[in-house]
Amino acid sequence: MVDRDMLEHTSSTNAPSLDRKRVYTSPYNALALSGDLPSAIRIFDTTLRDGEQSPGIALSCSDKVKIAQALDELGVDVIEAGFPIASPGDREAVKNIIAENLDSRICGLARCSRRDIDAAIDCGLDYIHMFIATSDIHLQHKLKLTRDEVVEKAVTAIEYAREHGLTVEFSCEDATRTDLEFLKKMHTVVQDAGVEVINVPDTVGTIGPPAMEHLIRELMTVTNVPISVHCHDDLGLAVANSHAAVRAGARQVHVTVNGLGERAGNAALDETVLGLMAFYGVSTNINTSRIGPISKLVSRLTGYAIPPTKAIVGSNAFAHESGIHVHGVMGAPSTYEAFGPELVGVQRNIVMGKHSGAHSVRSKLSEYGIDLVDEQIDQIVEKVKRLADSGKEVDDAELVALASHILGERESRKVKLKEFAVFTGMNTTPTAMVSIEVNGEKKTGSAIGIGPVDAAINAIKSVMGNDIHLVEYRLNAITGGSDALCEVSVRVSRDGDKTLMSVGKAIGSDIVQTSVDSTMEALDRLYCRKE
Ligand code: KIV
Ligand code: ZN
């Protein structure tokens, strides 16, 4: 059974349950609310099915299990774990995800065919998302079936699935381009055949919000099971269309992490959930503070980078460069943020550039425990502007280097690399040895790692102590070819009364040596710090 309580529970609007201290959206949102909105809706995540259909994504079974665990922690109600008939890999992943005994309900996709349903049953699924296309375009050019044949196929498959004890969520594929009378007929016959939820896919992303609202209201007149919606982003409206569907009566939305999915993708989970909460006061089970971490995890495992300007989780979403904005945000984040980054588990980032002012520089340096007087800050601001004007990126390492120079730190190094060796190859565990002089005293250590860089950094940590942590490691290729130059930036911290942060940066042709050099620079800066 699906969670009907949540799917059917509605309450009057105009009283959004927003925490106004954390969300600073326009007051007109509340004024514009009309009609009945639900207090909560269900989130059906299809990252592992529609998301995995994005070109070039092929997740391993263990990666799928990791994502399913993270989706469960995030609080999604349903995880569409795969399309069991599609491949042995999908079946294995679905079985392994079921074995995790997660709180989220696990679902699998199936066409209206016995083979598909049997494959789902063989995986141990008790919930399937069954679909058949219903638009004339699909009937004529893809299925080559009449409408009556589609009805018959759907009913036969649903009855078969029901006889086997499955909960069925049903989709009329390309619903938003299906003749309305036929779509209503499909809704009537599939609910009579026993489906628990009817999902309305905007398969090719061809509808707009007013039309979506109209369509859902029409379908509500004949549908007595909860309606769900599944929107694609071909025209950039997947999230707006999902919201429109909820306004009109839908009680579940299909989403994906980072908006992955066929072609332009599906409605992004983060934007859908935050918008429902901020604009309509509709809540979900989602623990929003897990949004940033799962977004990063999915990006890493799929190899799909998050565009910097992506709402909520893009690296620019909480980045401020101009002096005016930084000053505003430091005084009151609501000046230039719709909500605080902590709400979605990401960090605010003050970025240096030609628009930076004293507030930005002071605030950024304070992250590294560096406190300068006004004249010193002014000197740095001037240098930052000059560097930015000449097209040079001023990242944290550059900024801290400018400050160290002004402070006269690191005139003589306190942490010096004396010896370094790394041993790696096929069927061997990468191992590194370092010898480091700290305040004149020579210390030696060795360690293993997942790769040679990891081994080298672990060896450094073994010498410098367990209170040293590698907070961030960034590697950029500067030139192409096997002799390419690379740039490595690291951020390290040291535990103590107050945690100290430091950065280092190095350029070289050997990734391992360059990683060691940048780490040594960060550590030396940490030890030279005049606390
Ligand atoms: O977009 C779509 O129509 C789908 C179906 C399988 C429901 O993903
Ligand atoms: Zn889809």
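This is a predicted model: local features need pLDDT of at least 70, side-chain atom pairs count only at pLDDT 80 or more; totals for chains, interfaces and linings use all residues.
Residues are numbered from 1 along each chain as its sequence is written, chains are lettered from A and ligands numbered from 1 in the order in which they are written, and side-chain values use heavy atoms, with hydrogens and water left out.

The C-alpha atoms of the chain fill a box of roughly 85 × 60 × 40 Å along the principal axes. The chain holds 18 helices and 18 strands, these being DSSP runs numbered from the N terminus (H or I of at least four residues for helices, E of at least two for strands). Of its 531 residues, 53% count as buried, where buried means under 20% relative accessible area, exposed means over 50% and partly exposed lies in between, with a 1.4 Å probe and protein chains only. Among contacts (heavy atoms within 4.5 Å) between residues at least 6 apart in sequence, 66% join residues at least 24 apart. The domain assignment gives domain 1 (43–302), domain 2 (319–407) and domain 3 (415–530), with bounds that come from an automatic or database domain assignment. The C-alpha centres of domain 1 and domain 3 are 46 Å apart.

Strand E8 (residues 197–202) is mostly covered, six of its six residues being buried. Strand E7 (residues 167–173) pairs with E8 in the parallel sense over three bridges, pairing being assigned if DSSP finds at least two bridges between two strands. Within this pair, Ile198 of E8 is the bridge partner of Phe170. E7, helix H8 (residues 180–192) and E8 together make a right-handed β-α-β unit; a crossover is right-handed if, with the strands pointing away from the viewer, the path from the first strand over the helix to the second runs clockwise.

E8 is also joined to strand E9 (residues 227–231), by five bridges and in parallel. Here Val200 stands opposite Val229 in E9. From E8 the chain crosses through helix H9 (residues 209–220) to E9, in a β-α-β crossover that is right-handed.

E9 pairs in turn with strand E10 (residues 252–255), in the parallel sense and over three bridges, and Val229 stands opposite Val253 in E10. E9, helix H10 (residues 238–248) and E10 make a right-handed β-α-β unit.

The packing of nonpolar residues gives another view. A nonpolar core is a set of buried Ala, Val, Leu, Ile, Met, Phe, Trp, Tyr and Cys residues joined through side-chain atoms within 4.5 Å. The largest such core has 93 residues, of which Ile43, Ile79, Ile128, Met130, Phe170, Met186 and Ile291 touch the most other members. Helix H7 (residues 147–163) supplies the largest share of this core, eight residues. Domain 1 (43–302) and domain 2 (319–407) both give residues to this core, so it lies between them. Apart from it lies another core, of 27 residues, including Ile436, Ala459, Val492 and Val516.

The last stop is an open sheet of three strands in the order E13-E14-E15, with antiparallel pairing. Strand E13 (415–423) and strand E15 (441–448) are the edge strands, each pairing on one side only. From one strand to the next the twist averages 15 degrees, where axes are lines fitted to C-alpha atoms, for helices over the stretch in contact, and angles run from 0 to 180 degrees between N-to-C directions. Strand E14 (residues 431–438) pairs with E15 in the antiparallel sense over eight bridges, and Met433 stands opposite Ser446 in E15. Helix H17 (residues 452–464) packs on the sheet and touches E13, E14 and E15, its direction making about 140 degrees with that of E15. Helix H18 (residues 511–528) also packs on the sheet, touching E13 and E14, and its direction makes about 155 degrees with that of E13.
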